[in-house]
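Q: Please take a close look at the aromatic pairing in this model and at the part of the fold around it. A connected account, with the criteria stated, would be appreciated.

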Amino acid sequence: MDDFMKNALGTVTIKDISKKLGISSVSVHRALKGKEGISDELRAKILKTSKEMGYVENYAAASIKRKTERIAVVLPKGKWEKKMYFDYIWLGIKKSAKELKGLNVETIPFVCDDEDQQLAQLKEIAEAGSGEYGGVITISFTRAPEVLMQLQRLLAQNIRVLVIDDHIEIPEGLICIHPREVQVGKVAAELATLITPEKGRILVSSGRADYKNT
C-alpha cells in the first residue's frame, strides 16, 4: 500500500485522505481504484473528499508497475503522404507518443494505402489479441462490412477502438472522432484562394455521399 500512496501528486496522499475521514488506507485505495469491499455510501464520501482535497493519481509512477500498453495506429500514409489531412494526424500521433512514452504507452504504426491493406492489418491485430495490443486508432474509408467485422472482433477482446468518423452505430463500443469536413473544406478553400486568379472558381468536395451535415 505504501508504494501506491507514493503515486499521488503534490502533497495529498491516500494516507492524508484516510486520516481526514478516520478510515483505513485500504478503504480509500478500494474507492479510488473502483474495487469492491466497501459500501456505495462510503465510496461516494471518499471520492468527494479526495476531490475536495485535490488528490490526483500520478499515472507516471503507477505505470512503472504495469506492462507496456501498445496502441496500433492503422492510418493512410504512403501515397497519401503529401496530403495535409493525414500528415497532421500523424504529426499529432507522433507528438502524443513522445508524451506517453514515460507512461509505458507505445504506438505501433500500421500504414495502409487502401481499405484492403487496412482490412489485412486489422485482421493481424485481432489475431494477436489483447495480450499484444490494448487499443487501435484507425479511419473509416467506406464502412465496409468486412472492416466493421474486424473492429467488432477487437472490441470483443476488450481492445479499445478509436475511429476517425462522424458516427458508427454498429458495432457498439467504438469511439468516434468527427473529422470536421466543413472546417477542412473552409481551410482548403482559403488556401486555394492564394493561388487562384481573382475571378477564378473553386470547387470544394468532401465527405461521403451518405453523409448528412448537421
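A: **The aromatic pair and its surroundings**

The count comes to 1 aromatic pair, where rings of Phe, Tyr and Trp (its six-membered ring) pair if their centres lie within 6.5 Å, and planes under 30 degrees apart count as stacked, over 60 as edge-to-face and the rest as tilted. The pair is formed by Phe-110 and Tyr-133 and is edge-to-face, with 6.1 Å centre to centre and 70° between the planes. Phe-110 belongs to strand 2 and Tyr-133 to the loop between helix 7 (115-128) and strand 3, so the pair ties together parts that are 23 residues apart in sequence. Helices (H or I, at least four residues) and strands (E, at least two) are DSSP runs, numbered from the N terminus.

The model is predicted: local features need pLDDT of at least 70, side-chain atom pairs count only at pLDDT 80 or more, and totals for chains, interfaces and linings use all residues. Residues are numbered from 1 along each chain as its sequence is written, and side-chain values use heavy atoms, with hydrogens and water left out.

Phe-110 counts as buried at 10% relative accessibility, and Tyr-133 counts as buried at 8%; buried means under 20% relative accessible area, exposed over 50%, and partly exposed in between (1.4 Å probe, protein chains only). Both Phe-110 and Tyr-133 are in contact with Ile-125, contact meaning heavy atoms within 4.5 Å. Leaving aside neighbours within four places in sequence, Ile-125 also touches Ala-72, Val-74, Val-136 and Leu-154.

Ile-125 is, with Val-136, Leu-151 and Leu-154, among the residues with the most contacts inside the largest nonpolar core, which has 22 residues. Such a core is a set of buried Ala, Val, Leu, Ile, Met, Phe, Trp, Tyr and Cys residues joined through side-chain atoms within 4.5 Å. Strand 1 (69-75), strand 2, helix 7, helix 8 and strand 4 each give two or more residues to this core, and helix 8 gives the most, with 5 residues.

Strand 4 (residues 160-164) pairs with strand 5 in the parallel sense over 3 bridges, and Leu-162 stands opposite Ile-175 in strand 5.

Technical notes. Two strands pair if DSSP finds at least two bridges between them.
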